[in-house]
Amino acid sequence: MADDDIDLIARLFAQEVPEIATGKVLIKAIARKSGYRSKLALQSQDGCVDCIGVCVGLRGARIKNIVDALDGERIDLIRWDDSAERMIAHALQPAAIEKIILHTAEHRAVVFVKTDQASLALGRRGENRELASRLCGWQIEVKES
């Protein structure tokens, strides 16, 4: 993926969300499949600021402006977590995760989900799993338990 894709998302959010422009909210990671879907991992630098809430805005106004600028591209906002297991689980939402086994040496994670959650974890054409892998920096493999 081109750095321009990621820069575009970062610029749009900095333009639309003053808390990102001022550094109160940090964009820790971005994964994007241009024209389809983006995932952003966000972290608040101020305990009084909800990083997801400020990006969505009042009645969804801020995120709507960004989605409109991207011609309807879906955007998933995820709370950053330093724990790889929790970050992977957040990134694969809305799927309910049963168990995660990390293979640290290979930087690979095997994620177990119930059969009815597999399609959510994978997403259309594996898009959700692929973007979650890029966002977290781990090769994610989804298995049914």
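Modeller: A residue is called buried under 20% relative accessible area, exposed over 50%, and partly exposed in between, with a 1.4 Å probe and protein chains only. This is a predicted model, in which local features need pLDDT of at least 70, side-chain atom pairs count only at pLDDT 80 or more, and totals for chains, interfaces and linings use all residues. Residues are numbered from 1 along each chain as its sequence is written, and side-chain values use heavy atoms, with hydrogens and water left out.

Biologist: Is L12 buried or exposed, and what is its relative accessible area?

Modeller: L12 belongs to helix 1 (residues 3-16); helices (H or I, at least four residues) and strands (E, at least two) are DSSP runs, numbered from the N terminus. Not counting residues up to four places away in sequence, L12 touches I66, A69 and L70, where contact means heavy atoms within 4.5 Å. L12 falls under the 20% limit, so it counts as buried, with a relative accessible area of 14%.

Biologist: What is the relative accessible area of A41?

Modeller: A41 lies in strand 2 (residues 37-44). Leaving out residues up to four places away in sequence, A41 touches L26, I27, K28, A29, I78, W80, M87 and L135. The value for A41 is under 20%, so this residue is buried, and its relative accessible area is 0%.

Biologist: What distance separates the C-alpha atoms of A41 and L135?

Modeller: L135 is one of the residues that A41 touches, and L135 is among the buried residues of helix 7. Along the chain, A41 and L135 are 94 residues apart, whereas their C-alpha atoms are separated by 7.3 Å.

Biologist: How many residues of helix 7 are buried?

Modeller: Helix 7 spans residues 127-136 and is mostly covered. Its buried residues are E127, N128, L131, A132, S133, L135 and C136, and they pack against strand 1 (25-33), strand 2, strand 3 (74-79), helix 5 (84-91), helix 6 (118-122) and strand 6. Of the 10 residues in helix 7, the number buried is 7.

Biologist: Which residue follows helix 7, with a positive phi?

Modeller: Helix 7 ends at residue 136. Phi is near 80 degrees in the residue that follows this helix, G137.

Biologist: How many bridges join strand 4 to strand 5?

Modeller: Two strands pair if DSSP finds at least two bridges between them. Strand 4 (residues 97-103) and strand 5 (residues 108-113) run antiparallel, and I101 stands opposite V110, while L102 stands opposite A109. The two strands form a hairpin with 4 residues between them, and H107 in the turn has a positive phi of about 55 degrees. The number of bridges from strand 4 to strand 5 is 6.

Biologist: In strand 6, which residue is the bridge partner of R108?

Modeller: Strand 5 and strand 6 (residues 139-144) pair in the parallel sense over 6 bridges. Within this pairing, R108 has as its bridge partner in strand 6 the residue Q139.

Biologist: How many charged residues are in the lining of the largest pocket?

Modeller: A pocket is found on a 1 Å grid over the protein atoms alone, as an open set with protein on both sides within 12 Å along at least five of seven lines, and lining residues have an atom within 4 Å of a point. The largest pocket holds about 150 Å³ of space and is lined by Y36, R37, R74, G123, R124, R125 and E127; grid points are joined across faces, edges and corners, and a volume is the space filled by probe spheres set on the points. Ala, Val, Leu, Ile, Met, Phe, Trp, Tyr, Cys and Pro count as nonpolar, Asp, Glu, Lys and Arg as charged, and the others, Gly among them, as polar. The lining has 1 nonpolar residue and 1 polar residue, and the number of charged residues is 5.

Biologist: Is R125 buried or exposed, and what is its relative accessible area?

Modeller: R125, one of the pocket-lining residues, is found in the loop between helix 6 and helix 7. Phi of R125 is positive, near 55 degrees, although R125 is a residue other than glycine. R125 is over the 50% limit and therefore exposed, with a relative accessible area of 58%.

Biologist: What is the radius of gyration of the chain?

Modeller: The chain has 7 helices and 6 strands. The radius of gyration is taken over C-alpha atoms, and the globule rule is 2.2 Å times the number of residues to the power 0.38. For 145 residues this rule gives 15 Å, so the chain is as compact as a globular protein of that length, its radius of gyration being 15 Å.

How values were computed
On a 1 Å grid over the protein atoms alone, a cavity is a set of points where a 1.4 Å probe fits but cannot get out, and a pocket is an open set with protein on both sides within 12 Å along at least five of seven lines; lining residues have an atom within 4 Å of a point.
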